[in-house]
Amino acid sequence: MPVHNADIAAIFEEIADLLEIAGDNPFRIRAYRNAARTLRDLSHEITSMIAHGEEPTALPGIGNNLAAKIHEIVDTGTTPLLGKLRKRVPPALTELLHLPGLGPKRVNTLYHELDIHTVEQLYRAALDGRIRTLPGFGAKTEQRIVDAIRARSTTSRRFKIATTAPYAEALVTYLQQGPTVTHVIVAGSYRRAKDTVGDLDILVTTSAPSRVIDHFVKYDEVAEVIARGSTRVSVRLRSTLQVDLRVVAEDSYGAALVYFTGSKAHNIALRDLGQQRGLRINEYGVFRKDQRIAGETEDSVFAAVGLPVIPPELRENRGELQAARDGTLPHLVELSDLKGDLHAHTTATDGRHSLKEMALAARARGFEYLAITEHSHHLSIAHGLDEYRLMTQITEIDRLNAQLSGITLLKSIEVDILEDGELDLPDRVLARLDLVVGAIHSRMHLSRAKQTERILRAMDRPSFTILAHPTGRLMPERDPYDVDMPRIIHHARERGCFLELNAHPERMDLLDTYCRLAKQEGVLVSINSDAHSVLDFHNLRFGIGQARRGWLEKEDVLNTRPLHALLPLLRNCIKREVA
Ligand code: DGT
Ligand code: CA
Ligand code: CA
């Protein structure tokens, strides 16, 4: 069975979790977590790398020991270490570890004091008020546990889009190799580039549906066939991801693609539009009475109702049909429009590559600039920079900039926004940087009013440039914090600063609807990778997808500016005095 990077990463994460609960060596735990991240972020399958004779040790952070584990998993689907650890620690406990506020110490307390193994047991104990009696817990923690479990049950069945991408791409390749197939395309929310995907919807055109379906259900990854008909089949993959396959004739391709791309709300609105013109639109075509007038291509379907084709990312019935009718559809930003990245880390804090490695990787992508934005010292778990270490890095950046051609490193910092809205470094230090990226990493549970005030105050600092990951969510374990985002966007407008759309798969924040609001307010959005390794630039494609969902065009995005146009914008922002 082909083993995907995500499968190996999941095993490494579980090993790390189990080691953590068992109180193992922190360095060992970290090594597994880093390796999991490396694998997940990899743009190619490690199995094919190995098949080409390359060794996993060529990857950053993968030593001989981890490489041996990877080989074991590729060959057998698992590693003996996992079995051993699962005997030592009840495996369900790792699920508890992923609830906010529960570290290994608390999980151990729950296990030993209350014999809690599972999330369900934890939920019941919390509702009974038994958690608050434990040492190190309180009524507040207990309530947070209840909230988190409730939130989880509504969101946990969805996958981050970045997680589904390797599965989708591998399946498309597999289906293309099958018999009598012409088009293969992933439709549904995946094609609309939603930040999370409920299931994959794959559309295939063929003259022999049953042969395609036979081929599909033989795919190695298929764990279970949920439902099978003559032109459709639903399966669950081993990763638990569900895939719906639809098989249609070539001349229905466009109509089926429109239908299965959705969204449902968009489809219904489009169908109504058709009805007003005496047309019937369904997944087989566009019909006037019994006569088919369109359906081979998406263009033909939209043209039948007098519209240009609408980009999939806009198809949410949020005004796109009206815009299409008015000729005001946006010309959406594209990945190739990005000229640089304004959020990246190096080995100086919690990144895994050096300044130079990051600079060269950015240059290789065709970027003109890369802002180095380490954490500031308040974030001690990431080994954040104090003033002295920041100054040392600035010197090093100057040296590298003099040495390297074709790429400019910008001096910056991801400075912590403290609870009172102050920044973690004084203005005189921040004033020496090209830009200042501010972010919240602590006290996520302030009231909406306090959290909003905190951010507005931070934006008032004279050097503040970009608000990073504006709602702080980490999918799936941390919900966005409660803030008044329209007010923050408005304030950004007044203060002349910018908002980040963080393309890290777990963040994908600013949300699409707020991207759109930012555009309406004239606030530029910076689409950043938050790279912690040279591989992370790859995630920018998902950030672009979300920006497109937010109707953003090239000129709405800060880092589509070439360096010479970017610098004045940053300076304007930095020099602005507090009124
Ligand atoms: P997901 O899977 O929850 O991330 O979201 P989608 O949009 O992929 O939804 P899914 O998989 O249930 O269905 C795929 C597309 O099929 C959906 O976007 C639109 C179309 N569709 C599904 N059910 C209906 C329906 O009842 N009416 C219409 N007009 N279209 C539907
Ligand atoms: Ca779907
Ligand atoms: Ca579906």
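Author: Happy to, and please keep in mind that the model is predicted. Let us begin with the calcium ion (ligand 2). Its protein donors are Asp-199 (O), Asp-199 (OD) and Asp-201 (OD), and they lie 2.2 to 2.5 Å from the ion. Around the calcium ion (ligand 2) there are six donor atoms, and the angles they subtend run from 69 to 163°. Six donors count as octahedral if opposite donors are over 155 degrees apart and all others between 65 and 115; the arrangement here is irregular because of its angles.

Now to the neighbouring ion. Asp-199 bridges the calcium ion (ligand 2) and the calcium ion (ligand 3), and the two ions lie 3.7 Å apart. The calcium ion (ligand 3) is coordinated at 2.3 to 2.7 Å by Asp-199 (OD), Asp-199 (OD), Asp-201 (OD) and Asp-244 (OD). Along the chain, the donors of this ion, the calcium ion (ligand 3), follow the spacing D-x1-D-x42-D. Asp-199 sits in the loop between strand E3 (196-197) and strand E4 (200-206), whereas Asp-244 belongs to strand E7 (residues 242-248), so this pair ties together parts that are 45 residues apart in sequence.

Buried means under 20% relative accessible area. Asp-199 has a relative accessible area of 19%, so Asp-199 is buried. With a relative accessible area of 18%, Asp-201 is buried. Asp-244 is buried, as is Asp-199.

Terms used:
Residues are numbered from 1 along each chain as its sequence is written. Chains are lettered from A and ligands numbered from 1 in the order in which they are written. This is a predicted model: local features need pLDDT of at least 70, side-chain atom pairs count only at pLDDT 80 or more; totals for chains, interfaces and linings use all residues. Side-chain values use heavy atoms; hydrogens and water are left out. Donors are N, O and S atoms within 2.8 Å of the metal (3.2 Å for Na, K and Ca); water is not among the atoms, so sites may look incomplete. Four donors count as tetrahedral if all angles lie between 85 and 135 degrees; four count as square planar and six as octahedral if opposite donors are over 155 degrees apart and all others between 65 and 115; anything else is irregular. Buried means under 20% relative accessible area, exposed over 50%, partly exposed in between (1.4 Å probe, protein chains only). Helices (H or I, at least four residues) and strands (E, at least two) are DSSP runs, numbered from the N terminus.
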